[in-house]
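Please read these notes with the sequence and the model open beside you.

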Amino acid sequence: MKKIIEVGVNIKSFAGMVFMGALIIYMIAKSILGIYEVSFITIIGLAIMAALISGVIFLFESDVINRKISRFHKIADQYLAVCIIVFATNHIFNYFILSGIQYLYFLLFITACHLGGVLAFYIISKMELDVLNFKLKKYNSGL
Amino acid sequence: MIIKKVVDPLKKEIEITISANTDEEIDNIVVAITNANKTLLCTDDRETVPIKWNDIFYFESVDKKLFVYTKDKIFSSSKRLYEIESEMTDKFVRCSKSCIINLSKAKQFKTSFGSRLEVVMTNNEKIIVNRNYVKDIKNKISGG
């Protein structure tokens with residue numbers, strides 16, 4: 001039970017970072033395309049997507065999937081998994097009506113979310129590594 | 001920490017007195033002192049030499065042969081890795097199926113491919129920590 005709560009808290013804080021990262025990347029990408037507004041629906045969509053991507057990234061990075069693959073392969077697999085899940089569920093439930101340019105925006109939306117996730121994961125692992133190095137220094141100075 | 005050094009030519013044996021607030025602190029110092037002189041018999045070509053555990057950077061098992069790495073030398077030992085694991089001091093930790101490292105000789109941790117960790121030793125040698133052993137290392141340096 002404690003482990004489940006621990007994992008839940010980790011995913012929740014991670015999803016928050018993914019959401020922030022995704023929002024920034026999405027806004028930058030859209031502004032490059034000449035659109036400067038972000039709707040409330042998009043923000044809700046980003047939050048749901050952040051939760052979904054956090055789950056997928058967590059599955060790949062934790063010991064749940066014990067595969068020996070390179071970092072690039074892992075990111076590509078995650079991206080593919082997210083695309084398949086989103087497009088497949090969209091095909092079944094039709095929560096987004098996609099046609100023409102909207103397909104491109106939707107793909108951009110997923111890519112932004114995924115890049116946000118990768119960025120968030122990079123920041124978290126860097127922070128964890130710094131903490132570990134600090135603990136190592138403390139451990140060795142206490143000899 | 002206050003250290004008093006007394007050189008007395010009349011003393012026949014080394015005498016150590018430790019004063020501290022807690023038993024735990026004293027025990028840690030006692031372990032560190034007793035481990036400082038603990039040695040392991042290793043083979044260097046055809047000569048058998050005692051190597052201090054504190055001078056050992058890491059152990060590596062290759063094809064059922066155990067190699068002992070110090071700062072700039074490599075020795076071999078007739079022992080198996082599991083025997084070393086049962087004898088090793090608390091500064092040593094297993095980092096893969098075939099390797100045991102001395103954490104007191106570790107300089108830095110770096111990330112490596114596949115959620116693995118890389119340990120940079122003080123002699124700049126790099127050792128990969130298998131993902132299964134990362135938790136043990138984290139627990140050890142956190143004092144768990």
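Predicted model: local features only at pLDDT ≥ 70, side-chain atom pairs only at ≥ 80, totals over all residues.

1. B:E87 is partly exposed, with a relative accessible area of 30%, where buried means under 20% relative accessible area, exposed over 50% and partly exposed in between (1.4 Å probe, protein chains only). B:E87 forms a salt bridge with B:K79, and the closest N and O atoms of the two are 2.5 Å apart; the term stands for a side-chain nitrogen of Lys or Arg within 4 Å of a carboxyl oxygen of Asp or Glu.

2. Residues are numbered from 1 along each chain as its sequence is written, chains are lettered from A and ligands numbered from 1 in the order in which they are written, and side-chain values use heavy atoms, with hydrogens and water left out.

3. How many salt bridges are there over all chains? The count comes to four, and one of them joins the side chains of B:K11 and B:E15, at 2.8 Å from N to O. Here B:K11 is partly exposed at 44% relative accessibility, whereas B:E15 is exposed, with a relative accessible area of 57%.

4. In chain A, A:K126 forms a salt bridge with A:D130, with 3.8 Å between the closest N and O atoms. Both residues lie in helix α4 of chain A, four residues apart, which is about one turn of the helix; helices (H or I, at least four residues) and strands (E, at least two) are DSSP runs, numbered from the N terminus. A:K126 is partly exposed, with a relative accessible area of 40%, and A:D130 is partly exposed as well, with 42%.

5. Chain A as a whole has four helices and zero strands, and of its 143 residues 32% count as buried. Its accessible surface comes to about 9,100 Å², of which 73% belongs to carbon and sulfur atoms; such areas come from the Shrake-Rupley method with a 1.4 Å probe, and for residues only the protein chains shown count as cover.

6. Helix α4 of chain A, residues 101–141, also holds A:N140. This residue counts as buried, at 18% relative accessibility, and, leaving aside residues up to four places away in sequence, A:N140 touches B:L103, B:S104 and B:A106, a contact being heavy atoms within 4.5 Å.

7. Over all chains there are four aromatic pairs, that is, rings of Phe, Tyr and Trp (its six-membered ring) whose centres lie within 6.5 Å, with planes under 30 degrees apart counted as stacked, over 60 as edge-to-face and the rest as tilted. Among them, B:W53 and B:F92 form an edge-to-face pair, 5.4 Å centre to centre with 85° between the planes. The pair links distant parts of the chain, 39 residues apart, since B:W53 lies in the loop between β2 (47–52) and β3 (58–62) and B:F92 in strand β6 (residues 92–96) of chain B. Both B:W53 and B:F92 are buried, and together with B:F59 they form one aromatic cluster.

8. B:C99 is in no disulfide, and the nearest cysteine sulfur, that of B:C95, is 3.8 Å away. B:C99 is buried, with a relative accessible area of 5%.

Key
Disulfide = S-S within 2.5 Å.
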